[in-house]
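Welcome! Here are a few exercises to work through with the model open beside you. Try each task before reading its solution.

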Amino acid sequence: MNIYVLLKKTFDTEEKIAVSGGVIEDDGAEFIINPYDEYAVEEAINQRDAHGGEVTVVTVGDEDSEKQLRTALAMGADKAVLINTEDDLEDGDQFTTAKVLEAFFADKEADLILAGNVAIDEASGQVGPRLASSLGISYVTTVTSLKIDGETVNIEKDVEGDVEIIETSLPLLVTCQQGLNDPRYPSLPGIMKAKKKPLEELEIDDLDLDEDDVEAKTRTTDIFLPPEKEAGRVLEGDVQDQVKELISLLKNEAKVL
Amino acid sequence: MNFELTKEQTMIKKMVRDFAQEVIQPRAIEIDKEAKFPVDIFEQMGELGLLGIPFSEKYGGSGGDTISYALAVEEIGRVCGSTGLSYAAAVSLGASPIYYFGTEAQKEEFLMPLAEGKALGSFGLTEPNAGSDASGTKTTAVEDGDDYIINGEKCFITNASFAKTIIATAVTGKNDKGKNIISAIIVPTDTKGVKITSNYDKMGVRGSDTAEIVLDHVRVPKKNLLGDPQKGFNQFLYTLDGGRISIGALGLGIAQASLDKALAYAKERTQFGKPISSFQAIQFKLADMSMEVELARNMVHKAAWLKDNNKPFSKEAAYGKLYATETAFRSANQAIQIHGGYGYMREYEVERYLRDAKLLEIGEGTSEIQRMVIARQLGC
Ligand SMILES: Cc1cc2nc3c(=O)[nH]c(=O)nc-3n(C[C@H](O)[C@H](O)[C@H](O)COP(=O)(O)OP(=O)(O)OC[C@H]3O[C@@H](n4cnc5c(N)ncnc54)[C@H](O)[C@@H]3O)c2cc1C
Ligand SMILES: Cc1cc2nc3c(=O)[nH]c(=O)nc-3n(C[C@H](O)[C@H](O)[C@H](O)COP(=O)(O)OP(=O)(O)OC[C@H]3O[C@@H](n4cnc5c(N)ncnc54)[C@H](O)[C@@H]3O)c2cc1C
């Protein structure tokens, strides 16, 4: 089976993020594999181990994305492809990424493509579905279970806490939701082996694309941090009065009632 | 000059940090409080290849370098000194001597399971009357046909209760000058006459196993003698030099943790209407801690780099061990101070850092012994 994983490098939202002049400061930010993509890598490795074949991890990114690709290789993926758009593109959006990937997949025979449910930075959840529809294959988002038997695929999909059960067939693109699996740590031998695994680097030229073909369809006008959380307020006095005060505050101040 | 970690080293650091944070950290208080050796954590570390980092793949290791190993010890020490000490001792003391001085057969039989993380090893040098002064070793190994018969007593031996093998030092004879020859012999712990008990109630590193060993007519084949029968002593000096890098790395981990906790707390804690991090008295403490942590890191990494590049590293390993462990103690002490009354409480963890750090100034050569090693290198 030919398995592909779409992987994005993103900053670690658990670390401190600084915004200045409407852009996120790269210095000091920690970069990681988008956590949902880790589920995709883990699932790809498990499916390969069960059904044979090869796992290729693909990213659209910059030179530094190599680190995240190497980590995926260390987890057990077989090959990696870095589509480096650093020099050619200014600001891409989901359209850009999907378009670049479409060109990449044009001559590939993918049986299964796995992506994350969303990337935690922009959280659009669009790249996977866009790619599937331009490749003309089925897709299922937010999967929490994936069972493949021949061409038949049985899926459990998370729908806001409920489970939807779906039967479909290969070729297929799925986006992975928390609960699908427990991503492994790359082992030491895995890390040492990753060094020797193939990592191909492409530019949009190599995919016969022009800047114009992939120009973003959206424009980011501003980026800002959410307002700082203010200290909580403790109501005092008689419980009856506290309840009254709380309701009044929820109505008049917080305006949620 | 290049101060940057390689891609592999960066990945190893990140992996161990994630593992330590997610698997060990939630249990660190309990490990200390219950003084219970976390066997299952060591099984997981074994599966990840952490116990074989500095050994070649041929012997079941991961083929990493000393720097990678030091990074791993630091990251584990950052969340749990007990786990960090047992880890460092298993690799540097329990396994390394076999890797450096063992015969091919010894490596296959004894090193493989350790490097693959399927078993733990111990190093038994210290005796009730021979601590800093190893030449006072009383344990004897007397030849009997193809075997040695070992008699004696070892104390304070890390991991022994959970070990498959102990490398025990013993007097095997006298040299031309009439001085005792001290050799190291691999003793499987299931050999008849080996009695291991761990009844110590320790100040710190409480979850690391520390045991007493009685060797009563323990018979092991002569082929278990490790390395040159005449040069046993120099061998374990080399072993201890390597071990010092890892204890330095462990100190570094505790010092870094102390700084991280103290800084975060100082920014959060308000007194006199301001975060205490805005008071110069607190700022200066944090500035000193941060500087010392970085200096300790540079020294530990330099010693590791020298070892990886086959250059003499004895003096630098002593610098690194001495400075990083004393930094750990100072930083932990200041972290408690910055936490005020809360720092004195187990829940805030910094008091544990201090208790754990204290051991590092004693084990694998006390701070005084480090200064003696350095002075000797200076030609004194
Ligand atoms: C938790 C723990 C784990 C340990 N793990 C191991 C292990 O795995 N294997 C092992 O073999 N040992 C182990 N040890 C033992 C440890 O290495 C010794 O405790 C250490 O070497 C000091 O020896 P000692 O306790 O006999 O102290 P002593 O040697 O009696 O020292 C007492 C004091 O005198 C000082 N001193 C001694 N000689 C001199 C001198 N010439 N000049 C100036 N000062 C001097 C020392 O620095 C120290 O301050 C462990 C100890 C502990 C507490
Ligand atoms: C075992 C124990 C017993 C105790 N018993 C009692 C008791 O019987 N009765 C009682 O009332 N209290 C008691 N305490 C509380 C103790 O007095 C306080 O912990 C102590 O006064 C410090 O206050 P804090 O813990 O809130 O630390 P903080 O005041 O928050 O101090 C944190 C750190 O900031 C520093 N700091 C604060 N302000 C400044 C400043 N302006 N400039 C520079 N540095 C500053 C402090 O020196 C400290 O290093 C006890 C505490 C313990 C741990």
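**Exercise 1. Find the residues that make the nonpolar surface patch of about 480 Å².**

Solution. Start on chain A: V239(A), V243(A), I247(A), V256(A) and L257(A) form this patch. Areas follow the Shrake-Rupley method with a 1.4 Å probe.

Finally, its relative accessible area is 39%, so I247(A) counts as partly exposed (between buried, under 20%, and exposed, over 50%).

Before going on, a word on the basis: this is a predicted model, in which local features need pLDDT of at least 70 and side-chain atom pairs count only at pLDDT 80 or more, while totals for chains, interfaces and linings use all residues. Residues are numbered from 1 along each chain, chains are lettered from A and ligands numbered from 1 as written, and side-chain values use heavy atoms, without hydrogens and water.

**Exercise 2. Describe how chain B holds polar contacts with ligand 1.**

Solution. First, the confidence: chain B averages a pLDDT of 96, and 99% of its residues score at least 70 (the scale runs from 0 to 100). Then list the polar contacts (N or O pairs within 3.5 Å):

- T126(B): a side-chain N or O atom is 2.6 Å from a nitrogen atom of the ligand.
- T366(B): a polar side-chain atom is 2.6 Å from a ligand oxygen.
- L125(B): a polar backbone atom is 2.9 Å from a ligand oxygen.

Alone, ligand 1 exposes 980 Å², of which the protein buries 64%. Last, look at the shell (residues with a heavy atom within 4 Å): strand 3 of chain B gives its largest share, three residues.

**Exercise 3. Which helix of chain B supplies the largest share of the shell around ligand 2?**

Solution. Helix 8 (280-308) and helix 9 (314-343) of chain B each supply at least two residues. The largest share, four residues, belongs to helix 9. For the contacts, R269(B) brings a polar side-chain atom 2.6 Å from a ligand oxygen, and G341(B) a backbone N or O atom at 2.7 Å. The protein buries 44% of the 970 Å² that ligand 2 exposes alone.

How values were computed: Patch = residues over 30% accessible without salt bridge, like charges linked within 9 Å, V, L, I, M, F, W, Y side chains within 5 Å. Salt bridge = Lys/Arg side-chain N within 4 Å of Asp/Glu carboxyl O. Buried < 20%, exposed > 50% of the residue type's maximum accessible area, 1.4 Å probe, protein only. pLDDT = per-residue confidence, 0-100. Polar contact = N/O pair within 3.5 Å; in protein donor to acceptor, adjacent residues only side chain to side chain.
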